[in-house]
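Me: Here is a structure to work through by question and answer. What does the secondary structure of the chain come to?

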Amino acid sequence: MQIRDRPKNERERMQIREPSEKGRKAVRSGVCRRRRRRHSRARDRPGLDYSVYTFSPAELLRYMGAYVLLDGCVSFLFFRSLRAFLILLPGVVLFLTQMKSSLVMKRKRELTRQFLDAIQLMLAALQAGYSPENALRESQKELQKIYSPDAVIVREFHWMDAQMRMSRNLEELLLDFGRRSDLPDILSFAEVFLTAKWTGGDLIAIIRNTVSCIRQKQETMLEIETCMAGKVMEQNIMSLIPVFILVYVKLSSPEFLDVMYETPVGVAVMGVCFAVYLAAYFWGQSIVRIEV
């Protein structure tokens, strides 16, 4: 009765009254939760091809800056010419391609190691009586304790769990993961898992054999890397010795190399030496790179 007797403008002021501090906090928390869910869904989207690496803007700037610095050092040591610096500048494309290949190999090695831990956890869950789907969920919980949330295997298993809740088959998801990983171990495991799941095979024995094969392969690779560590160090040192000699001569007797920078014959000789040096460097890198 008192509200009806109040003036109209006062009643309107009550309707447009600002929310309390508690209400504002609730709104902000709701917005933050929605943003986190959107970011989580974007982060966990599938389709990452592990044979292709995409630079982030920070990585692209860092590697391009490193090449420009390397180009400046090479142009100064071998040619002492701004023209050589500009001629070698398009080589940044080859440099970025080489870095991508190196990062892809590094990511695949890390993915293989993480996948081995994941299927070992799945094996333990299967032996405890879980179904394959629940075993993947249990292994996902354990993986989150071992690796960071941004780890590749954690994101992949989290996405598989989300897809299984949408009625997708586990074997189909593993097969897709194996194809995208471009790793024979993961792909062969997914194919054998698919066959065993539909024909009633012994999944525990299959996973145990897969774990054994991957572990033996990693141990073999580790032994090769241990044996080759000294040779790799020697190759890196031998690759730097010509550069150190050139720097030493340039600092101790700079006039001794003037003829190599100021005459056409000298420039041609330095160009040939630089080409031979690059060929020897990449040849040495291919020798010490051994894949199992």
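Reply: Helices are DSSP runs of H or I with at least four residues, strands are E runs of at least two, and both are numbered from the N terminus. This is a predicted model: local features need pLDDT of at least 70, side-chain atom pairs count only at pLDDT 80 or more, and totals for chains, interfaces and linings use all residues. Residues are numbered from 1 along each chain as its sequence is written, and side-chain values use heavy atoms, with hydrogens and water left out. The elements run α-α-α-α-α-α-α-α-α-α-α-α-α from the N terminus on, and the total is 13 helices and 0 strands.

Me: Which helices each supply at least two residues of the lining of the second largest pocket?

Reply: On a 1 Å grid over the protein atoms alone, a pocket is an open set of points where a 1.4 Å probe fits, with protein on both sides within 12 Å along at least five of seven lines; lining residues have an atom within 4 Å of a point. This pocket has 13 lining residues, with Tyr53, Glu59, Leu103, Arg107 and Val152 nearest its centre. The largest share, 4 residues, comes from helix 6. The helices that each give at least two are helix 6 (92–127) and helix 8 (152–164).

Me: What classes make up the lining of the second largest pocket?

Reply: Ala, Val, Leu, Ile, Met, Phe, Trp, Tyr, Cys and Pro count as nonpolar; Asp, Glu, Lys and Arg count as charged; the others, Gly among them, are polar. The volume is the space filled by probe spheres set on the grid points, which are joined across faces, edges and corners. For this pocket it is about 310 Å³. Its lining has 6 nonpolar, 2 polar and 5 charged residues.

Me: How far apart are the end C-alpha atoms of helix 6?

Reply: The expected span of a helix is 1.5 Å times one less than its number of residues. Helix 6 has 36 residues, so it should span 52 Å. The model agrees, with the end C-alpha atoms at 52 Å.

Me: Why is helix 8 largely enclosed by the rest of the structure?

Reply: Buried means under 20% relative accessible area, exposed over 50%, and partly exposed in between (1.4 Å probe, protein chains only). The buried residues of helix 8 include Ile153, Phe157, Trp159 and Met160. They pack against helix 6, helix 7 (132–146) and helix 9 (170–181). Helix 8 is largely enclosed because its buried residues number 10 of 13.

Me: Which residues are in contact with aspartate 161, leaving aside its neighbours within four places in sequence?

Reply: Contact means heavy atoms within 4.5 Å. Aspartate 161 sits in helix 8 and is buried, at 9% relative accessible area. With those neighbours left out, its contacts are Leu136, Arg137 and Gln140.

Me: Where is serine 167, between which helices?

Reply: Most residues other than glycine have a negative phi. Serine 167 is not a glycine, yet its phi is positive, about 70°. It counts as exposed, at 67% relative accessibility. Its place is the loop between helix 8 and helix 9.

Me: Is aspartate 182 exposed or partly exposed?

Reply: Aspartate 182 lies in the loop between helix 9 and helix 10. Its phi is positive too, about 60°, although it is not a glycine. At 42% relative accessibility, aspartate 182 counts as partly exposed.
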